4 protein chains.
Amino acid sequence: MPIAKVHRISAGAPDDVSGVEAAIAAGTIDPAGIIAIFGKTEGNGCVNDFSRGFAVRALADMLRGHVGAAAQDVCLVMSGGTEGGMAPHWLVLERGEDGEGMTSGPALAIGRAHTAPLPPEHLGRMGQVEQVAEAVQRAMADAGITRPEDVHFVQVKCPLLTAARVAEAQGRGASVATGDTLKSMGLSRGASALGIGLALGEIGLEQLSDAVIGTDLSLWSGRASCSSGIELMGHEVVVLGMSEGWSGPLGIAHAVMKDAIDIAPVAGALASLGVTLPSATQDEADSLIVLAKAEASRSGTIRGRRHIMLDDSDISSTRHARGFVAGALAGLVGHTEIYVSGGAEHQGPDGGGPVAVIATR
Amino acid sequence: MPIAKVHRISAGAPDDVSGVEAAIAAGTIDPAGIIAIFGKTEGNGCVNDFSRGFAVRALADMLRGHVGAAAQDVCLVMSGGTEGGMAPHWLVLERGEDGEGMTSGPALAIGRAHTAPLPPEHLGRMGQVEQVAEAVQRAMADAGITRPEDVHFVQVKCPLLTAARVAEAQGRGASVATGDTLKSMGLSRGASALGIGLALGEIGLEQLSDAVIGTDLSLWSGRASCSSGIELMGHEVVVLGMSEGWSGPLGIAHAVMKDAIDIAPVAGALASLGVTLPSATQDEADSLIVLAKAEASRSGTIRGRRHIMLDDSDISSTRHARGFVAGALAGLVGHTEIYVSGGAEHQGPDGGGPVAVIATR
Amino acid sequence: MPIAKVHRISAGAPDDVSGVEAAIAAGTIDPAGIIAIFGKTEGNGCVNDFSRGFAVRALADMLRGHVGAAAQDVCLVMSGGTEGGMAPHWLVLERGEDGEGMTSGPALAIGRAHTAPLPPEHLGRMGQVEQVAEAVQRAMADAGITRPEDVHFVQVKCPLLTAARVAEAQGRGASVATGDTLKSMGLSRGASALGIGLALGEIGLEQLSDAVIGTDLSLWSGRASCSSGIELMGHEVVVLGMSEGWSGPLGIAHAVMKDAIDIAPVAGALASLGVTLPSATQDEADSLIVLAKAEASRSGTIRGRRHIMLDDSDISSTRHARGFVAGALAGLVGHTEIYVSGGAEHQGPDGGGPVAVIATR
Amino acid sequence: MPIAKVHRISAGAPDDVSGVEAAIAAGTIDPAGIIAIFGKTEGNGCVNDFSRGFAVRALADMLRGHVGAAAQDVCLVMSGGTEGGMAPHWLVLERGEDGEGMTSGPALAIGRAHTAPLPPEHLGRMGQVEQVAEAVQRAMADAGITRPEDVHFVQVKCPLLTAARVAEAQGRGASVATGDTLKSMGLSRGASALGIGLALGEIGLEQLSDAVIGTDLSLWSGRASCSSGIELMGHEVVVLGMSEGWSGPLGIAHAVMKDAIDIAPVAGALASLGVTLPSATQDEADSLIVLAKAEASRSGTIRGRRHIMLDDSDISSTRHARGFVAGALAGLVGHTEIYVSGGAEHQGPDGGGPVAVIATR
């Protein structure tokens, strides 16, 4: 019976994989079981954030040293930006097989799927929505999760358009959703999030069309976390949920923050896993794993009060939002090694976002 | 019998005093009673933050229109930097005289003092510490507060060194603590905070010397909030506390955050004023007033986890810290119009800081 | 016979008008003759640059003290951003009347015009182009310039859209060019520049339509400098050129840089005024006045080499471009008190821009 | 007879070594002859610039693939920061052996030396000065240069202090020059520059002591370029000069800019190599290689005019200075693929810096 393990390991630099190496050396992590590694790296999280690529290179080199060519199956999802007090770290998601009889009832389950390359002309359009939705279903199957309501977090790494990719499509007579590379990142995240929402039944197919992608903010998934990257043409999908087919002490739940300071639902999700806040000891606090999305509300306000995140030409609004939401969540859970990622198109309501929590029950 | 009123008014821009004007026009504020105006303005809060001077100019022009030359007695303390979701706003502190019989027992009291110009050679040294300590005692007397433990917040606006001021002192054969203008800001804040601590009995005179200022972080006041500015040579001191001689519904309490996410003491301070969190309604949440100091810990960690605030050459650590701590506090109290100020030398422990809360009892 | 005077005065801060005051006190400047003041202020030059408004407030207060209500006729055009080594300064443009017989032949001439408020639905469209073109013609007449080829620099301060202005237009059933406030700044600058080009015969009316504004970069004026601001609804237009009707030692010429390092045409324009570079003395170098526009080329390259200005999420491309072009021009002319302004839509070719030079002949 | 080759190759990203690979594949570069690779990478050039480490990793991986363990002998010196229009690129310095008879008279010569690890207590002190001076002499010997006046550029990569290194020294009872990691970078660069000046006879040993390092700005080398990095404990020294023992078409000269816009000496250095500016064709311009240091003058002025580089809390002064000086130099030479590096302690006078130029004669 599979058992899901989540190893949270501090990183001293974007290429510091020594903690992961140490855990492998100590036998705590079996490299052959690694399904995915999520990283919070300390770049600006925007266009010229080289900490992500640097981290991926270091992680891939390390994995190849242990598992050879199988390293390419591991989903490496780097989220740049550790503003405020966020601590750079890795989340190593491992599937073990020694979980027999450890727990009764459902436990944390992990599944993964890759998609074929997405034709550039489908990016940010229904073609991408549908491709992602299909992959989420495969990842659910891989995790042994049958009911959409048992899924609590879906991480998708999705492609973006480059000048070359646009040219290739146009050379075939195809049109693309945008010629703006930066804009294509948001469209790709948004279409992927809608694909997740479609797969999980949060959004109906009849509500979706090319026209709503990136524009109708009322359509969103409460369990989606999407990031786009230049290094792939298809999608990598990681599903986290609860399954009767898995064992072990870990459970997962999710919440949707309606705005940047809406922490009560997160406390509720933790309570559903049996966690009472504040934690009695720092060790208990430290054991909590939090994954969240953050963004500046387009309305320009939070509960009716003005924010300046969209007007600051010195600091990107995504940097403001990550640091601020990280403060709210770290204050709640009592530690700073949390995963808050920016760019939340169709991922939660305007200015809010999905949060997943993992805890030992 | 005096009554303290605290008007929190949103600002649409650094020079937007329309909300204050409207309150005066409506009779809500009597301009003759204004003791001080604190402002959170939306600049970078660092050296080249012109939003502070712009705000002071707009406020001073407005006050002169209402009270003439008496405007210069009003302490105008601008704190730059509304990172994350913090909302730019004014806190207008007013002393009314219509409070007879409104409450029994102590109520929020406000006092103010100015000092003579500080000779540049005393800045960042014991001469400044002692001058501030003496002024705090006068401001306490002005507020009708006799016991140091009844003081919950002391805001000091203190001077800095300029090249011209250094030259003037050196021309007289005097030496200065530093020739570095930026460094003088921190030394001035630190010496002022130690002066507050001395006046309030938090620190003994025997513990103090020129050598500890800016270096011995174990010495701090839990009620000090200091900011330095180029526009004055002396000090402006505003004391907030509880006094039997004042009436009205407002009360004040304080707490010391031991690090950037240590919100439990703040909840405790609010509880001491009868406030239960989370607030039952958004209106109740909105009524809470929070003043805090924030800084990046020099240790480079928060509860043992690394932060990158001191390594980021694109965003000043003070900007990171304000946004992050504001997130933690806004998540706690449920609104974003809070006053979090940076630069906390000798104001609370390394990486933490004092917080004052004002609420209607 | 009118004589144009251009006073370049250093500014120690955005609100430092002491140099202008001193020149008025010394009789060097007659405040009644001030037509316009251009300022390079030291903010970020982007959305939240409060140094511009702070400067305008200080200048307007000063002018009112000297000329009363006539102060409102003075065009105050602030350009934020003194990146690299650029020195913050004012350019006070004065029309004197004591120029009889000082020179033969044409001399620098200054003209000014204001327009009626622009209906929001015309912003960024042909209505704005035509309104600006008409105002340029009036400003030319005011300067006594009849031939378009005698105009060397046109500064336009133009409006932008705010949420309120958009709503007002839509309430009347009118549509606006964009609902995005920031985008409206670029559209307003672009339409104004096309209006200048139309008035000066650089662009034919048949080439213009709503559709080309902001999109067809092949259409541009080589003498336009436009900046948008929230504080006005109409336009302020200042024309600088050569006129037989003016006297005095000053002359003006212009050049178009085809890219960010194309300084040869600027040297040519100076040569046309009799200036040989490098200047023999620093005083001679200091006497040269330079006004330029700068921007990052959308092509992503300069002479075939990649630039990173459009990919840097920490520093706005306008800040990169101003500092870099200022370096190229300051290296050429030998001093750093030059006026380089960003945001060059339809002002010169992609990545390049117009430059005007003023020198004593 | 050795021949020096300098290959300037554009980089599309910090880890983009494809251009170097292509040149090796085409036989243009013999990987066994690579002495050093200098890189301008597109990070912020400050503490958290990961583009440097990312580049080093990519270059080292590439070199290992070609020359195996010998890759570690190649000096990889990355300078972060391509502000303004600077183009990210590599300078591959190669020593060929096919130069017999190609030229008469001296030609560009390249030499290299490594030092032993520097004990942390010597960093920023005379121990470092002397170690670097000795290594410069070895590198000169390696280049076959006997006279100091034939050296035109010395690049030193030097270590910095970390908390661990400080602790190690203190554990042995040794004291260090500073406990501040960031400050140690400047001290290390400064001591290295003084070591270069000592070796080249620009500074006398009697002028040097621990006390002058980092403080007496009147002591400087006009041929030094130093950068500190965490990845080494000793020094890597690359000397470029002219030697009768080398052949080939390339020559090198140097100049000292006395301030940020002092380009005339650079034109003079190029003239000494037979280069007339402006170049007749873009190809000729493109062939010029420029290496320079840039910094904001501590005086706060350039030729008497104020700069704001040291007051800007949003953009580091090193970023301002690089972009501005790059503009001045690119305007002069006519292309943007130039190497301007920041942090010029004891490298040229305050606000100025050394510049080396390499050209085909």
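Analyst: Putting chain A and chain D together buries about 1,000 Å², and carbon and sulfur atoms supply 64% of that. On chain A's side, A:Phe50, A:Phe54 and A:Arg57 lose the most area, together 60% of what that side buries. Ground rules: this is a predicted model, where local features need pLDDT of at least 70, side-chain atom pairs count only at pLDDT 80 or more, and totals for chains, interfaces and linings use all residues. Residues are numbered from 1 along each chain as its sequence is written, chains are lettered from A and ligands numbered from 1 in the order written, and side-chain values use heavy atoms, with hydrogens and water left out.

User: What does "buried area" stand for in that A and D figure?

Analyst: Buried area is the accessible area (1.4 Å probe) that two parts lose on being put together, summed over both. So the about 1,000 Å² takes in both chain A and chain D.

User: How do you know which residues of chain A and chain D are in contact?

Analyst: Contact means heavy atoms within 4.5 Å. By that rule, 11 residues of chain A touch 11 residues of chain D.

User: What makes D:Arg57 and A:Asp61 a salt bridge?

Analyst: The term needs a side-chain nitrogen of Lys or Arg within 4 Å of a carboxyl oxygen of Asp or Glu. The D:Arg57 to A:Asp61 pair has N to O at 2.9 Å, so that pair qualifies. Chains A and D have 2 salt bridges between them.

User: And how many salt bridges are there between chain A and chain B?

Analyst: The count there is 8.

User: What else goes into the contact between chain A and chain B?

Analyst: Each chain puts in 41 residues. The buried area is about 3,000 Å², 55% of it from carbon and sulfur atoms. A:Arg305, A:Arg306 and A:Phe324 lose the most on chain A's side, together 23% of what that side buries.

User: Why aren't C:Cys158 and C:Cys226 called a disulfide?

Analyst: A disulfide is a pair of cysteine sulfur atoms within 2.5 Å. No chain has one, as the total is 0. The cysteine sulfur nearest to that of C:Cys158 belongs to C:Cys226, 5.9 Å away, and C:Cys226 likewise has C:Cys158 as its nearest, at 5.9 Å.

User: Which class does C:Arg303 fall into?

Analyst: C:Arg303 has 25% relative accessibility, so this residue is partly exposed. D:Arg303, at 24%, is also partly exposed.

User: What kind of peptide bond joins A:Leu277 and A:Pro278?

Analyst: A cis one, with omega about -10°. In chain D, D:Leu277 and D:Pro278 are joined by a cis bond too, with omega about -10°.

Key
Buried means under 20% relative accessible area, exposed over 50%, partly exposed in between (1.4 Å probe, protein chains only).
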